[in-house]
Amino acid sequence: METKKKKYNLPDGYSLFKTAINSVDFLNNPINFISKSMDVYSETYSTSLKRNKKIILTQNADFINYILKENHRNYKKSKLSTESAARFFGKGILFSNGDYWLRQRRLIQPAFHREKLQGLNNTIIKSISDFLTDFPTGESIDIVPIIHKLAFNILVKSLFDINLSPQIMEEISQIFSDLFEFLNKDVNQPFRKILYPVTGEKGKNLKKAKRLRDIFKRIITERKQENQNYTDLLDMLLNSRYEDTGEPMHEEQIIDELIIIIFAGHETTANTLSWLLFLLSCNIEILQKLTERLKNISVSESANDEYVKATISEGMRLYPAAWMTERVAIEDDEFGEFSFPKGTIIIPFFFGLHRNKYFWDEELKFKPERFIDDPKILKSKNYFPFGVGPRMCIGNNFAMTEMSLFVYLFFKEFEISATGQIPGMKPRITLRPDKIILNINRIKS
Ligand code: HEM
């Protein structure tokens, strides 16, 4: 008997042929390309991966909310963003799916609760203060690599509150940066894979990943031999127990999660802070208001200060480090007028959502006050810097505290001014600035 082929109502968009001819434009500047396509089609459009395999891109708040939260059970992360990445970075919660992900998430989440994290505040403050001692000053300084190093130091110190030698710190940092670069290229230039057998690139990076695991393994072994309590994230992971069995994680799982915390928490925070300094340098009145505010609060109060939080939130609205994410439909699904088959990839485009002129008043303007005048928008479905639903960022409290403490400590010691150079956006796995060139002076006391 002949079975009738099911008809779906996919959003308008690019055919396979048009997708192919536009692929270079897309890869060169995905944010521009997606934004322009949304002007041509609509805030939800489709593109083709192969025959009968569609990708739907959307900046529609309700659709994003539906995929990531309301009907999240029907969606998982794609193979590319789980299995491919896991070969190098292990299968910690960012790169896993299904029951394994849920069990790990339940286990780890309590370590990231606000109260638990308070024990890390002193470590973070010390890391930032130490770093600021040698912070470069002068004219035309590119802050991007400097802030990246700072965010990396804070995270590693929060994971392992021990004195790692500068060589080991450098080695861990270099391996992460190499693996991150490799994964970026793997995702953005998939055709490069054909060359791996010739260039040996994959093998070299797998070796680096193994070396990283060996370093972490040694740290864990030394920790287990000590008879001392720490307040760092490693101790929290070592002490956590599965609800069902009461057992701890295996050592390899702890290593997976340590790597994931650095992977997910380093670039995101570094990029957010770099964009924030750029925005503040171009908005003198807001910078003045912020520094005035800091004069009246203590460092520990900064983490809960309304204006500090609003300033960081507004930075993340304009430059969300996680500018998009992706999910794959497990079964056929429909939303509004659209219906689509299982296997369809959906891309929630947070960058577009955060600059949607139908929701945001003066959408391109840096206006922290909007979060104070209407605090509800922080929790609205038009603002997802940390994602939404059960896979929402586990480190959001950590990141907000770290960034607030940085803002406080940095502006107590330094003044910045703009150079007129507008940074370019490099949307890869995260939204990087290419360079951010500022003038920086130490405030004379
Ligand atoms: C400004 C800084 C940060 C931003 C903008 C950010 C953003 C995000 C977003 C949007 C997601 C969800 C992705 C999705 O739904 O596919 C996510 C997940 C995650 N983030 Fe963050 N993040 C930040 C900092 C951190 C930090 C500091 C840590 C750890 C200390 C962290 C750990 C994680 C982990 C482990 C996940 C995976 C959660 C899961 O899949 O269950 N993030 N982050």
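Three strands form an open sheet in the order S4-S12-S9, with antiparallel pairing. Two strands count as paired if DSSP finds at least two bridges between them. Helices (H or I, at least four residues) and strands (E, at least two) are DSSP runs, numbered from the N terminus. The edge strands are S4 (138-142) and S9 (414-418), and each pairs on one side only. Neighbouring strands of this sheet are turned by 40° against each other on average, direction ignored. Axes are lines fitted to C-alpha atoms, for helices over the stretch in contact; angles between N-to-C directions run from 0 to 180 degrees. S4 and S12 (residues 437-442) run antiparallel and are joined by 3 bridges. Within this pair, aspartate 142 stands opposite isoleucine 437 of S12.

The model is predicted: local features need pLDDT of at least 70, side-chain atom pairs count only at pLDDT 80 or more, and totals for chains, interfaces and linings use all residues. Residues are numbered from 1 along each chain as its sequence is written, and side-chain values use heavy atoms, with hydrogens and water left out.

A further open sheet has 5 strands in the order S1-S2-S8-S5-S3, with mixed pairing. S1 (44-50) and S3 (75-76) stand at its edges, each with a single partner strand, so one side of each has no neighbour in the sheet. S2 (residues 53-58) and S8 (residues 345-348) run parallel and share 4 bridges. Isoleucine 55 stands opposite isoleucine 345 in S8. Leucine 57 has isoleucine 347 of S8 as its bridge partner. The pairing of S5 with S8 is antiparallel, with 2 bridges. Here arginine 327 stands opposite isoleucine 346 of S8.

The side chains of S8 divide between two directions. Ile345 and Ile347 point one way, Ile346 and Pro348 the other, and all are buried. Buried means under 20% relative accessible area, exposed over 50%, and partly exposed in between (1.4 Å probe, protein chains only). Helix H3 (residues 61-70) lies across S1, S2, S3, S5 (327-329) and S8, and runs at about 120° to S8. Contact requires heavy atoms within 4.5 Å.

The ligand carries an iron atom, and its only protein donor is Cys393 (SG), at 2.3 Å. Donors are N, O and S atoms within 2.8 Å of the metal (3.2 Å for Na, K and Ca); water is not among the atoms, so sites may look incomplete. Cysteine 393 sits in the loop between helix H18 (369-373) and helix H19 (396-413). Alanine 399 lies in H19. This alanine 399 is buried, with a relative accessible area of 9%. Leaving aside residues up to four places away in sequence, alanine 399 touches Thr269 and Phe386. Alanine 399 and phenylalanine 112 are 287 residues apart in sequence, yet 10 Å apart in space, C-alpha to C-alpha.

Helix H11 (residues 201-225) has 25 residues, which at 1.5 Å a residue should span 36 Å; its end C-alpha atoms are 37 Å apart, which agrees. The expected span is 1.5 Å times one less than the number of residues. The buried residues of H11 include Leu212, Arg213, Ile215, Phe216, Ile219 and Ile220. Glutamate 222 and arginine 218 both lie in H11, 4 residues apart, about one turn of the helix. They form a salt bridge, the closest N and O atoms being 3.7 Å apart. Glutamate 222 is partly exposed at 42% relative accessibility, and arginine 218 is partly exposed at 43%.

The structure holds 27 salt bridges. A salt bridge is a side-chain nitrogen of Lys or Arg within 4 Å of a carboxyl oxygen of Asp or Glu. Arginine 432 and glutamate 181 meet in one of them (3.3 Å, N to O). Arginine 432 lies in strand S11 (residues 431-433) and glutamate 181 in helix H9 (residues 166-188), so the pair ties together parts that are 251 residues apart in sequence. Arginine 432 is buried at 12% relative accessibility, whereas glutamate 181 is partly exposed at 33%.

Glutamate 292 and lysine 295 also meet in a salt bridge (2.8 Å, N to O). Both lie in helix H14 (residues 284-295), 3 residues apart. Glutamate 292 is partly exposed at 44% relative accessibility; lysine 295 is exposed at 56%. A network of salt bridges links Arg213, Lys217, Lys224, Glu251, Glu252 and Asp256.
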